[in-house]
Amino acid sequence: MFYEKKRNLFQESLKGSNWEIYPCSGSYFQILGFDAFSQEADDQFASVLTQQYGIASIPINVFNENASRTGLLRFCFAKSDETLIAAANKLKQIPLL
């Protein structure tokens with residue numbers, strides 16, 4: 001229930017954004033689609049988010065050696081409410097393609 005509330009807070013904080021929010025359960029990670037923002041490889045876009053926006057994510061392509069791009073990133077929501085809201089606010093400000 002504790003992490004369900006964290007997940008729900010993160011998802012709610014991203015509502016109205018251009019991120020594609022995928023359903024998740026039984027995990028500490030929220031998968032978000034980023035096609036509206038970039039056509040870069042997952043690991044390249046994750047690097048941009050970290051370097052330019054201070055947001056850490058895990059590119060999905062690292063789990064499949066044959067994929068350079070899935071258009072998906074994993075975000076850990078096992079964080080404080082303040083951190084989740086701040087991250088969602090930063091994610092909502094990333095410009096579209």
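This is a predicted model: local features need pLDDT of at least 70, side-chain atom pairs count only at pLDDT 80 or more; totals for chains, interfaces and linings use all residues.

Residues are numbered from 1 along each chain as its sequence is written, and side-chain values use heavy atoms, with hydrogens and water left out.

**Entry: α2**

I take helices (H or I, at least four residues) and strands (E, at least two) as DSSP runs, numbered from the N terminus.

Next I asked which residues of α2 are buried. My cut-offs are under 20% relative accessible area for buried, over 50% for exposed, and partly exposed in between, with a 1.4 Å probe and protein chains only. The buried ones are D42, F45, A46, V48 and L49. Looking down the axis of α2, I see them fall within an arc of 155 degrees, so they line one face of the helix. The arc is that of the directions from the helix axis to the C-beta atoms. For contacts I use heavy atoms within 4.5 Å, and the buried residues of α2 pack against β3, β4 and α3.

In α1 I noted K6, R7, F10, Q11, S13 and L14 as buried. Seen down the axis of α1, these residues fall within an arc of 165 degrees, so they line one face of the helix. They pack against β1 (20-21), β2, β4 and α3. After α1 comes G16, whose phi is positive, near 85 degrees.

K5 is also in α1, but at 56% relative accessibility it counts as exposed. I put K5 against I58: they are 53 residues apart in sequence and 21 Å apart in space, C-alpha to C-alpha.

L84, A87, A88 and L91 are buried in α3. Down the axis of α3, the buried residues fall within an arc of 100 degrees, so they line one face of the helix. As for partners, the buried residues of α3 pack against α1 (2-14), β2 (29-33), α2 (42-53) and β4 (72-76).

**Entry: the sheet**

What is the strand order? I read β1-β2-β4-β3, an open sheet of four strands with antiparallel pairing. β1 and β3 (58-59) stand at the edges with a single partner strand each, so one side of each is left without a neighbour in the sheet. Strands pair if DSSP finds at least two bridges between them, and two bridges join β3 to the antiparallel β4. P59 has L73 in β4 as its bridge partner. I then saw α2 packing on the sheet, touching β3 and β4, with its direction at about 45 degrees to that of β4. Axes here are lines fitted to C-alpha atoms, for helices over the stretch in contact, and angles run from 0 to 180 degrees between N-to-C directions.

**Entry: the loop between β2 and α2**

Is S38 buried or exposed? At 4% relative accessibility, S38 counts as buried. This residue lies in the loop between β2 and α2. Leaving aside neighbours within four places in sequence, I find S38 in contact with F45, R69 and L97.

Q39 is in that loop as well, but it is exposed, with a relative accessible area of 51%. Not counting residues up to four places away in sequence, Q39 touches R69 and L97.
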